[in-house]
Amino acid sequence: MAMTAHPEDLGLFQTINERHSVRKYDPGAEMPEEDLNAILEAATKAPSSWNLQHWKFLVIDDEAKKKELLPIAYNQQQVVDSSAVIAVLGDLNANENAADVYQGAVDNGFMTEQIRDTLVGQINKAYEGDTPFPRDEAVLNASLASMNLMLAAKALGYDTCPMGGFQRGKLMEQFNVPDRYVPVMLLTVGKAAKPAHQSARYELDKVVVKNSF
Ligand SMILES: Cc1cc2nc3c(=O)[nH]c(=O)nc-3n(C[C@H](O)[C@H](O)[C@H](O)COP(=O)(O)O)c2cc1C
């Protein structure tokens, strides 16, 4: 997929510095499909374990659907005022993507069928049994996609807010999310009506440890 730079695209460090969680959106702002797709495509460029791409994006942009989401998200108004809410879901059965993901490499002669089968076997083994592994992987990898998504939105002139404050079970029920997926976070995306609150960060000396504790 060729993604062309958007005219409003900011440089990476500026984008990172300027991204903050916006909670007040212009309810009348519309996001063209082209921008939404560019943001979603950027999300899919995130790295993932074995390239299994453990994510699914449930895009909620219908006004009636956003209203259904409001109580599930503890009445956080940004859910209805933003242009779209993207529920990022992690795939608990991402191992089932393996054969498909590697087929391209086999078809292009970059991987033998034997190597693919060995790899797929190893991946399936990692997903066997009742362990936290599939869930950890789903949340970990879908979170990487979420970060890409937020930065891509900012680079295109939109603001976002990651939200963990919602009832996961109710979201699944109301939006018919299959059990295969775990809701990781909601991301509101839209045009800011009010800037984000200030938020500070620790200095590096507080968060960086070199070589060993
Ligand atoms: C996993 C996660 C869950 C969050 N949940 C909420 C939420 O439910 N509602 C909200 O308004 N902000 C939520 N936030 C936003 C944080 O409060 C915010 O990222 C943090 O205060 C730093 O501010 P900044 O994002 O503006 O730099 C969440 C952030 C993360 C990463």
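This is a predicted model: local features need pLDDT of at least 70, side-chain atom pairs count only at pLDDT 80 or more; totals for chains, interfaces and linings use all residues.
**Ground rules.** I number residues from 1 along each chain as its sequence is written. Local features need pLDDT of at least 70, side-chain atom pairs count only at pLDDT 80 or more, totals for chains, interfaces and linings use all residues, and side-chain values use heavy atoms, with hydrogens and water left out.

I checked UniProt: its unreviewed entry puts "domain: Nitroreductase" at residues 16–191. Positions there follow the numbering used here, feature names are shortened, and annotations may be inferred rather than shown by experiment. I get 47% helix and 18% strand for that span, with its end C-alpha atoms 17 Å apart. Helices (H or I, at least four residues) and strands (E, at least two) are DSSP runs, numbered from the N terminus.

I looked at the second largest pocket, which holds about 160 Å³ of space. A pocket here is an open set of points on a 1 Å grid over the protein atoms alone, where a 1.4 Å probe fits, with protein on both sides within 12 Å along at least five of seven lines; lining residues have an atom within 4 Å of a point. Points are joined across faces, edges and corners, and the volume is the space filled by probe spheres set on them. I find 13 lining residues, with A29, E30, M31, D61 and S83 nearest the centre. The lining splits into five nonpolar, three polar and five charged residues. Asp, Glu, Lys and Arg count as charged, Ala, Val, Leu, Ile, Met, Phe, Trp, Tyr, Cys and Pro as nonpolar, and the others, Gly among them, as polar.

**Salt bridges.** My rule is a side-chain nitrogen of Lys or Arg within 4 Å of a carboxyl oxygen of Asp or Glu, and the count is seven. For exposure, I call under 20% relative accessible area buried, over 50% exposed, and in between partly exposed (1.4 Å probe, protein chains only).

- E63 and K66 pair up at 3.2 Å, N to O. Both sit in helix 3 (residues 63–72), three residues apart, about one turn. E63 is partly exposed at 43%, but K66 is buried at 1%.
- K65 bridges to E68, with the closest N and O atoms 3.3 Å apart. This pair is also in helix 3, three residues apart. K65 is partly exposed at 33%, and so is E68 at 27%.
- R180 meets D91 at 2.7 Å, N to O. This one links distant parts of the chain, 89 residues apart: R180 is in the loop between helix 8 (168–174) and strand 5 (181–190), D91 in strand 3 (residues 84–91). D91 is buried at 4%, while R180 is partly exposed at 23%. Shared partners join D91, E96 and R180 into one salt-bridge network.
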